[in-house]
Structure formats: C-alpha cells, structure tokens
Amino acid sequence: MSTTSKRFPPISAELMNELEKRWPDSMPGLEATPTVEILRFKQGAISVIRFLRSQFDLQNKTVL
C-alpha cells in the first residue's frame with residue numbers, strides 16, 4: 001500500500017477500533033457468492049480501513 005508524503009491528520013486508537021469493528025477485514029467464503037456490487041462495496045470499505053490503519057501505524061511508530 002502506498003502512502004503519501006503529506007501529513008495525514010492524527011488517527012486515534014478509538015477511531016481505528018470502532019471502524020474495524022463496524023467493517024471487519026473479512027470477505028465472504030466462496031459458498032456465499034455475493035453479487036458483484038456487494039463485493040466491490042466490501043473491497044472499498046476494507047481499502048479505507050487498511051489505509052487508515054497504515055496511517056495510524058506510521059503515526060504511532062516508535063522511533064529509537
């Protein structure tokens with residue numbers, strides 16, 4: 001995942017936890033064949049969560 005050089009606003013652990021709770025990083029199994037629209041929606045939601053998680057991790061990385 002690429003990151004931008006611009007500073008992203010601070011992301012709290014509380015926000016990350018709530019977003020991940022509401023939109024967990026999981027995709028349905030093959031037996032639950034979702035429509036293309038549902039699949040794309042889920043992919044978009046996960047993409048946002050992954051982006052925010054990467055920004056959060058960068059902001060909270062301990063530099064030695």
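Is Glu20 buried, partly exposed or exposed? At 26% relative accessibility, Glu20 counts as partly exposed, on a scale where buried means under 20% relative accessible area, exposed over 50% and partly exposed in between (1.4 Å probe, protein chains only). The model is a predicted one, in which local features need pLDDT of at least 70 and side-chain atom pairs count only at pLDDT 80 or more, while totals for chains, interfaces and linings use all residues. Residues are numbered from 1 along each chain as its sequence is written, and side-chain values use heavy atoms, with hydrogens and water left out.

The protein has two helices and zero strands, where helices (H or I, at least four residues) and strands (E, at least two) are DSSP runs numbered from the N terminus. Helix H2 has 24 residues and reaches 35 Å from its first C-alpha to its last, close to the 34 Å expected at 1.5 Å a residue; the expected span is 1.5 Å times one less than the number of residues in the helix. Of the 64 residues in the protein, 16% are buried.

In H2, the buried residues are Ala45, Ile46, Ile49, Leu52, Ser54, Gln55 and Phe56, and the buried residues of this helix pack against H1. The largest nonpolar core has six residues, namely Ile11, Met16, Leu19, Ile49, Leu52 and Phe56, such a core being a set of buried Ala, Val, Leu, Ile, Met, Phe, Trp, Tyr and Cys residues joined through side-chain atoms within 4.5 Å. Helix H1 (13-22) and helix H2 (36-59) are the elements that give two or more residues to this core, and H2 supplies its largest share, three residues. Ile11 is in contact (heavy atoms within 4.5 Å) with Met16, Leu52, Gln55, Phe56, Gln59 and Asn60, not counting residues up to four places away in sequence.

The loop between H1 and H2 contains Asp25, which, with residues up to four places away in sequence not counted, touches Ile46 and Arg50. Asp25 and Ser47, 22 residues apart in sequence, are 9.2 Å apart in space, C-alpha to C-alpha.

A search of the whole structure finds one aromatic pair, the criterion being that rings of Phe, Tyr and Trp (its six-membered ring) have centres within 6.5 Å, with planes under 30 degrees apart counted as stacked, over 60 as edge-to-face and the rest as tilted. The rings of Phe8 and Phe51 have their centres 5.0 Å apart and their planes at 80°, so the pair is edge-to-face. This pair links distant parts of the chain, since Phe8 lies in the segment before H1 and Phe51 in helix H2, 43 residues apart.

Three salt bridges are found in a search of the whole structure, each a side-chain nitrogen of Lys or Arg within 4 Å of a carboxyl oxygen of Asp or Glu. Lys21 forms one with Glu18, the closest N and O atoms being 3.5 Å apart, and both residues lie in helix H1, three residues apart, about one turn of the helix. Glu20 forms a salt bridge with Arg53, with the closest N and O atoms 2.8 Å apart; Glu20 lies in helix H1 and Arg53 in helix H2, so the pair ties together parts that are 33 residues apart in sequence.
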